[in-house]
Amino acid sequence: RPGYRQPLKQQLGGVKAMFIRLSIAVIVLVICMFMLMTAMSSSYSSTSSAEINTEALWGTAASDGWRPSSTPRSDWPPPPSESNGYLRVRCNGGLNQQRSAICNAVLAARIMNATLVLPELDANSFWHDDSGFQGIYDVEHFIKTLKYDVKIVESIPEIRKNGKVKKIKAKQIRPPRDAPISWYTTEALKAMKEHGAIYLTPFSHRLAEEIDYPEYQRLRCRVNYHALQFKPHIVELSTSIVDKLRSQGHFMTIHLRFEMDMLAFAGCFDIFSPEEQKILKKYRQENFAEKRLVYDERRAIGKCPLTPEEVGLILRAMGFDNSTRIYLAAGDLFGGERFMKLFRSMFPRLENHSTVDTTGELGKNTMGLLGSAVDYMVCLLSDIFMPTYDGPSNFANNLLGHRLYYRFRTTIRPDRKALAPIFINREKGQTAGFEEAVRRAMLKTNFGGPHKRVSPESFYTNSWPECFCKKSAVNPADKCPSDDVLATLNSQLENEGITDFESSGSNLTSAVDE
């Protein structure tokens, strides 16, 4: 019947169209699965060719023509003969947190046209060490190097008023965390003019890091990499250790951040015994804000410090063998020798304070500012530096920035987030292609060359491009300053009537000598 045939035709046509669409979907699904299998096979196959040239890593990273330079590149007048008052600061935390605070203090003084009183180091609360600024840094060098930038005194002088000698009492203020420049030019400056001096405490992370004025950032670099020089006996001790280590060839330093405070901070407890977990949880409860932390979740996203064994496996996968000389910059490793045993079996040529210090000076002060200062210098001067946990570690972050400024010295920065699933799969018995996967993850990292600063990377970790220049630059802002910049700065000082300084030009224009 004609009326019956027409719907039947439509039904057959609909079935045919559905069959065609279904066939296409199956084909697409098969192709996608094939591509996924291929990608997984190539990323985890032991026959692929991801290789790392470890011999090249003992040298410096490619600079692409960039060189360190923190000299002013635009008009930079000297500090006026009259300042707005005195600035005192108390730098809290460990040596490297204090180092960043000192840089911020100098910049704050410049911003407010203040006379900076030599920064106080709150050593007692952290190190139980009262060495202070004068016991760690070369004060004369610090003051001379910054003569073009700020006036610095060792203490607030007494004043004579109505025939009497009086002390200026500094107004104590707690600055906001990461305070903007506007806070210093308004509230802080107003208090300074009213009282003659202000005392900012605590002074850790009290000035915003990202400032949209390159000259201010370059001032931070002048402080950090030129003015802050350790006292001669610290430099001599550090140099003797480096010479001893290098007498047998190349060496690397590892900041093995597998210590109680960092493990407690990270919330990574499950690999420890019940008794050790109690200690870590108690430390966390007493020192950090309450937070829900699940070990498996933390580990899966790379929030746990690498274990000594994981560090050894990374280095071995990269191609370093058991002849590699390694200096460990670390405090007391939590969990003791059982965690070091596997690392030591892979890399037996290990050194630390006790094995390389022939003077015995460090043995008396391993946990004080001296020990931290020597570790800093040895890590700075080593051929390769590897931090194992550069999250909130001021020591690692400052060194990464200093080594970048020190003509792009090689750093190995494991991407813990990328490595976490690789290690987890290995622990589940999936060992095929493990080393290849580690190499692929490491090849995506930066080994110490110039690179764009991306949040949350700190300015003190990466001061490129503000504190670097090129002789032949496309962008005029990146061009190295002229050779007569020191003559200009000295002339400006003379015009201000400031002539009681010796020349410290070499500290300003050149980076650390090789």
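Helix 7 (residues 214-227) and helix 16 (residues 394-405) pack at about 85 degrees, with axes 11 Å apart. The axes are lines fitted to C-alpha atoms over the stretch in contact, with angles from 0 to 180 degrees between N-to-C directions. The two helices are therefore roughly perpendicular (65 to 115 degrees). N224, Y225 and H226 of helix 7 meet G401, H402 and Y405 of helix 16; contact means heavy atoms within 4.5 Å. The model is predicted, and local features need pLDDT of at least 70, side-chain atom pairs 80 or more, while totals for chains, interfaces and linings use all residues. Residues are numbered from 1 along each chain, and side-chain values use heavy atoms, without hydrogens and water.

Y405 also forms an edge-to-face aromatic pair with F468, at 5.9 Å centre to centre and 65 degrees between the planes. Rings of Phe, Tyr and Trp (its six-membered ring) pair if their centres lie within 6.5 Å, and planes over 60 degrees apart count as edge-to-face. Y405 lies in helix 16 and F468 in strand 15 (residues 468-469), so the pair ties together parts 63 residues apart in sequence. Y405 is buried at 1% relative accessible area, and F468 is buried at 0%. Buried means under 20%, exposed over 50% (1.4 Å probe, protein chains only). Helices (H or I, at least four residues) and strands (E, at least two) are DSSP runs, numbered from the N terminus.

In helix 13 (residues 337-346), F339, M340, F343 and M346 are buried. They fall within an arc of 110 degrees and so line one face; the arc uses directions from the helix axis to the C-beta atoms. K341 and S345 are exposed on the face turned away.

Notes: Parallel < 35°, antiparallel > 145°, perpendicular 65-115°, else oblique. Phe/Tyr/Trp six-rings, centres within 6.5 Å; stacked < 30°, edge-to-face > 60°.
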